[in-house]
Amino acid sequence: MRILGIDPGTRKTGWGVVERRGTRLMAIASGILRVPAKAPLPARLHQLHAGLEEVIGTFEPAAIALEDIFFAKYANAAMKLGHARGVAMLVCAQHDLTVHEFPPALVKRTVTGRGNAPKEQVARLVTAVLGLRETPGEDAADALAAAITCLQAQGKSVRLLKGSRR
C-alpha cells in the first residue's frame, strides 16, 4: 500500500510517499513544493495544483493522507491554508484517490507519542521510523508523518482515530 502524505500550505507544501512492505514502512520519496511568496494567491494555488499533479503522476499512490486544518491564531492564515487544502483535495478527486484526513495532534501523537510535539521532534522520529539517512525538511517530515499515520490506521477505525483529538 502506497500513501502520499500532504502537509498543505500556500507558500510551501510538504509531500511524502510511504509504502508498507510486509511489516515495514519504507519512505519512497519526499519533498517540498515551493511557490513564490509574492505571487498572487491564485497563481500560487495553480502552481500547487501542477506540482501535486506531477507528484501523483510520478508515484501513483493508492490514497492520500492530509492534515486537517488546525485553529490558527489568524483567521486569514487559516483561510489561505483552507485554499491550499482545497487544491490538494481537488487534485485527489481528479485522480479518483481517497483522501484520509487526520488532525495534526493525531499525526504528531502517532509518530512521537505526544500530540503537542515540536516539528523538530516529529522530523527526528520520522527519520528514525523510516530509517532515513538524512532528516527531511519540516514540511516534508510532517507529510511523511501523515502518511505513516494513515498506514498505521489501516485495520483500525479511522473514524475512531479522528475522534481522539487532544
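1. Two strands count as paired if DSSP finds at least two bridges between them. Here strand E1 (residues 2-7) and E2 run antiparallel and are joined by 6 bridges. The helix and strand labels are DSSP runs numbered from the N terminus, with helices (H or I) of at least four residues and strands (E) of at least two.

2. Before going on, a word on the source. This is a predicted model, where local features need pLDDT of at least 70, side-chain atom pairs count only at pLDDT 80 or more, and totals for chains, interfaces and linings use all residues. Residues are numbered from 1 along each chain as its sequence is written, and side-chain values use heavy atoms, with hydrogens and water left out.

3. Back to the strands. E1 and E2 make a hairpin with 4 residues between them, and Leu4 has Val17 as its bridge partner in E2.

4. E2 (residues 12-21) also pairs with E3 (residues 24-34), antiparallel again, over 10 bridges. Have a look at Lys12, whose bridge partner in E3 is Arg34, and at Gly16, which sits opposite Ser30. This hairpin has 2 residues between its strands, and Gly22 in the turn has a positive phi of about 65°.

5. So how enclosed is E2? It is largely enclosed by the rest of the structure, because 7 of its 10 residues are buried (buried means under 20% relative accessible area, exposed over 50%, partly exposed in between, with a 1.4 Å probe and protein chains only).

6. Next, Leu97, in the loop between helix H2 (75-94) and strand E5 (98-102). With a relative accessible area of 15%, Leu97 is buried. Leaving out residues up to four places away in sequence, Leu97 touches Ile56, Pro61, Ala62, Ala63, Ile64 and Cys92 (contact means heavy atoms within 4.5 Å). Lys108 is 11 residues along the chain from Leu97, and their C-alpha atoms are separated by 24 Å.

7. The axes of H3 (residues 104-112) and H4 (residues 119-130) come within 9 Å and cross at roughly 50°; axes are lines fitted to C-alpha atoms, for helices over the stretch in contact, with angles from 0 to 180 degrees between N-to-C directions. H3 and H4 are therefore oblique to each other (under 35 degrees is roughly parallel, over 145 roughly antiparallel, 65 to 115 roughly perpendicular, the rest oblique). On the H3 side the contact is made by Lys108, Val111 and Thr112, and on the H4 side by Gln121, Val122, Leu125 and Val126.
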